[in-house]
Amino acid sequence: MLGVLTKGILDDGRGKARVNLFRHKHEIESGRTSSVGGEILGFDSYSKPILHPGGSGKKLTWEEITEKAAKVVSFVDLAGHEKYLKTTVFGMTGSAPDFAMLMVGANAGMIGMAKEHLGLALSLAIPVLVVITKIDRCPTHVLEQTITELTKILKSKSCRKIPLFVQNNHDVVMTAQNFVSERLCPIFQVSNVTGQGLDLVRNFLNILPSLTRYETDQPLHYEINETYSVPFVGTVVSGLIKSGVVHVGDKVILGPDSVGQFATTSVKGIHRKRVSVPAATAGQTVTLALKNVRRNAIRKGQVLLTHEKDQPMPKVSRRFEAEILVLYHSTTIKSKYQAMVHCGAVRQTASILTSEKSILRTGDRAKVEFEFVKNPEYLTVGSRLIFREGRTKGIGKITNLL
C-alpha cells in the first residue's frame with residue numbers, strides 16, 4: 001500500500017511495490033516488515049501528489065520531494081506480524097503519530113492482530129482510518145462479510161466509532177474535516193493492483209489537518225528512538241522533539257545511563273526528512289549527530305535536554321506512580337507482578353510495588369506504584385503508558401514521580 005501510494009506505481013499482485021520500502025534483507029525475503037520504517041508523500045501547491053517519474057527507473061530523493069512539496073505526509077510503517085508486536089507498540093508510542101491507518105485484507109477479514117492493532121490505537125487515543133485492500137481478488141460475498149464484521153467491531157461498546165464508507169471526493173472532504181472532532185472512522189476500499197480507490201486515499205491524506213500542538217517556548221526535551229553509526233559523521237540519533245528548539249552547535253545533556261547520570265555533548269548536525277537543517281522545533285522528527293559520544297553508550301528511550309550551567313542534573317525515576325486500567329488479564333494482578341511498560345520511547349520491564357487495591361482484575365482502575373527493573377528513566381508526569389505481558393494488557397497515565 002505504501003509503495004503504491006508514495007512511488008506512483010501499481011503493484012503486480014506479488015509484492016513488487018513493497019521492495020523499495022524494506023530496510024533489511026530478511027524483510028525482502030519473507031515479505032514481512034520487522035522494523036519501524038519511514039516513507040514520505042509530498043503534495044504540491046496544486047494538491048497533486050509528487051510521485052516518482054514512471055518508467056525511467058529514476059527515484060526522487062527525499063530532498064527533491066520536500067523541495068517541490070507544499071505539504072508532506074510522513075508515514076511510519078509498522079510490522080503487522082505478531083512476532084514483531086513489541087516493535088509495533090514501540091513505533092506507536094515512540095513516534096507519536098497523528099493518525100493510524102489500519103490495513104484490513106478483504107479476503108482475510110478482521111484477523112486477531114488487526115483487532116490488537118485497533119485496540120492499540122484506541123488506547124493511545126489516536127484517530128483511526130481503515131483501508132480495506134485486495135478488493136480486486138476478493139469474491140463479493142467474502143467482501144460483504146468482512147465489511148459486516150468490521151462495522152460490528154467499530155460500532156461495539158469498546159470502540160464507539162461511526163463507520164463511514166468513502167465512495168467519492170465529496171465524502172473525502174466531509175470526513176477529513178470532521179475526522180478529528182467526531183468519532184468518525186472513514187473506511188476506504190482499495191486495490192493496489194488495479195489502482196481502484198487510491199485517489200480517494202491520496203486526496204484524504206492531502207486535506208487532513210495536522211493536529212498536535214507542541215510547546216516551542218519550553219526547554220528542549222528530545223526522545224531517542226533509534227541510534228546509528230554513520231561513516232565520517234559518528235554517532236547519530238533519531239527521535240522526536242517533545243518540546244523546545246534545537247540548533248546546530250547547541251550544548252545538550254544526554255541520559256540517563258544505567259546509574260541515572262547525564263553526560264554533556266553537543267549537536268554537530270541536524271537532518272530532517274534526510275535534508276540538513278540549521279534548527280528544528282517541537283513536534284518534528286529529526287536526526288541529530290552528536291559529538292564525542294560512542295554509539296554503544298546510547299539506548300532507546302534516553303533523552304536529550306537543554307544544558308544549563310550550574311544547574312543540578314535533571315531528576316530521573318526508578319519508581320513512579322500511575323493511574324492504570326487493566327484491559328485484560330486472565331487471573332489477578334498482585335504486588336511483585338512484572339510487565340513490560342511502554343511510555344513514549346521508554347520500553348522496560350517494571351514491577352508493581354504497591355497498589356490501592358490488593359488485587360486487580362480485568363476492568364479495574366487503580367493507582368499503582370511501579371519500579372523499573374533495570375535502569376532509571378527520564379519520565380514526565382501526564383504521559384500515557386501501556387503495559388503488557390503475554391495476553392495481559394493495560395493502559396495508564398503517570399501521576400507522580402518518586
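**Figure 1. Arg-202 and Asp-199 pair up within helix α8.** In this predicted model, Arg-202 makes a salt bridge with Asp-199, and their closest N and O atoms sit 3.9 Å apart. A salt bridge here is a side-chain nitrogen of Lys or Arg within 4 Å of a carboxyl oxygen of Asp or Glu. The two residues are 3 apart in helix α8 (residues 198–207), so about one helical turn separates them. Helices (H or I, at least four residues) and strands (E, at least two) are DSSP runs, numbered from the N terminus. Arg-202 is buried at 9% relative accessible area, while Asp-199 counts as exposed at 52%. The cut-offs are under 20% for buried, over 50% for exposed and in between for partly exposed (1.4 Å probe, protein chains only). Elsewhere, salt bridges with shared partners tie Glu-116, Arg-388 and Lys-393 into one network.

Two notes apply to every panel. Residues are numbered from 1 along each chain as its sequence is written, and side-chain values use heavy atoms, with hydrogens and water left out. Because the model is predicted, local features need pLDDT of at least 70 and side-chain atom pairs count only at pLDDT 80 or more, while totals for chains, interfaces and linings use all residues.

**Figure 2. Lys-7 meets Glu-39 in a salt bridge.** The N to O distance for Lys-7 and Glu-39 is 3.0 Å. This pair bridges distant parts of the chain, with Lys-7 in helix α1 (residues 2–7) and Glu-39 in strand β1 (residues 37–43), 32 residues apart. Lys-7 is buried, at 7% relative accessible area, and Glu-39 is buried too, at 10%. The count for the model comes to 9 salt bridges.

**Figure 3. Glu-226 reaches Arg-23 across 203 residues of chain.** These two side chains form a salt bridge at 2.9 Å, N to O. Glu-226 belongs to strand β8, whereas Arg-23 is in the loop between α1 and α2 (25–30). Arg-23 is partly exposed, with 37% relative accessible area.

**Figure 4. Domain 2 meets domain 3.** The protein splits into domain 1 (1–207), domain 2 (221–306) and domain 3 (319–401), with bounds from an automatic or database domain assignment. The C-alpha centres of domains 2 and 3 are 28 Å apart. Here 15 residues of domain 2 contact 9 residues of domain 3, contact meaning heavy atoms within 4.5 Å. There is 1 salt bridge between these domains: Glu-377 with Arg-299, whose closest N and O atoms are 3.1 Å apart. On the domain 2 side, the elements giving two or more residues are β8 (221–230) and β16 (303–306). Strand β8 gives the most, with 4 residues.

**Figure 5. Thr-235 is tucked away in strand β9.** Strand β9 covers residues 234–243, and Thr-235 counts as buried at 5% relative accessibility. Leaving out residues up to four places away in sequence, Thr-235 touches Tyr-228, Leu-288, Ala-289, Leu-290, Val-293, Arg-294, Arg-295 and Ile-298. Its side chain also reaches the backbone nitrogen of Arg-295 at 3.5 Å.

**Figure 6. Val-131 is buried in strand β5.** Val-131 has 0% relative accessibility and is part of strand β5 (residues 128–133). Among the residues it touches, beyond four places away in sequence, are Met-1, Met-101, Phe-188 and Val-190.

Definitions and conventions:
Polar contact = N/O pair within 3.5 Å; in protein donor to acceptor, adjacent residues only side chain to side chain.
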